[in-house]
Amino acid sequence: GVGDLVDVYWSGEEFGWFSARIMNKKDEYYFVHYTGYEDRTNDEIVFERSLRPVNMRDGPSMDNLKWGQVKIDD
């Protein structure tokens with residue numbers, strides 16, 4: 001809904017999921033403002049299918065990663 005933080009899939013020179021806040025909604029269209037961008041020129045209208053809920057879980061910490069070596073045959 002309006003005000004929610006979401007991930008938006010964007011494809012262009014750079015592609016992937018970008019964090020945004022829903023500023024307005026009409027039918028299947030969402031007007032979003034990308035977080036971390038002060039300039040409003042990056043705001044855009046996207047389809048609902050381009051949105052997903054934000055994953056609020058923390059990723060792995062560097063302390064929990066295990067490093068090793070793997071031999072790869074020629």
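View 1. In β3, Tyr29 is the bridge partner of Lys26. Strands β2 (residues 16-26) and β3 (residues 29-34) run antiparallel and are joined by six bridges. Strands are DSSP runs of E with at least two residues, numbered from the N terminus. Two of them pair if DSSP finds at least two bridges between them. This is a predicted model: local features need pLDDT of at least 70, side-chain atom pairs count only at pLDDT 80 or more, and totals for chains, interfaces and linings use all residues. Residues are numbered from 1 along each chain as its sequence is written, and side-chain values use heavy atoms, with hydrogens and water left out.

**View 2. An open sheet of five strands.** The strand order is β4-β3-β2-β1-β5, with antiparallel pairing. β4 (44-47) and β5 (51-53) are the edge strands, each pairing on one side only. From one strand to the next, the twist averages 50°. Angles run from 0 to 180 degrees between N-to-C directions, with axes as lines fitted to C-alpha atoms.

**View 3. Tyr9 against Trp17.** This is one of three aromatic pairs in the structure. The ring centres of Tyr9 and Trp17 lie 5.3 Å apart and the planes stand at 65°, so the pair is edge-to-face. Rings of Phe, Tyr and Trp (its six-membered ring) pair if their centres lie within 6.5 Å; planes under 30 degrees apart count as stacked, over 60 as edge-to-face and the rest as tilted. Tyr9 is partly exposed at 37% relative accessibility. Trp17 is partly exposed too, at 38%. Buried means under 20% relative accessible area, exposed over 50%, and partly exposed in between (1.4 Å probe, protein chains only).

**View 4. Trp10 against Phe18.** Here the ring centres of Trp10 and Phe18 are 6.5 Å apart, with planes at 85°, so this pair is edge-to-face. Trp10 has a relative accessible area of 33% and counts as partly exposed. Phe18, at 22%, is partly exposed as well.

**View 5. The protein chain around these sites.** The chain has zero helices and five strands. Its radius of gyration is 18 Å, well over the 11 Å that the globule rule gives for 74 residues, so the chain is more spread out than a compact globule. The radius is taken over C-alpha atoms; the rule is 2.2 Å times the number of residues to the power 0.38. The C-alpha atoms fill a box of roughly 55 × 30 × 25 Å along the principal axes. Of the 74 residues, 19% count as buried.

Key. Helix = DSSP H or I, 4+ residues; strand = E, 2+ residues; numbered from the N terminus.
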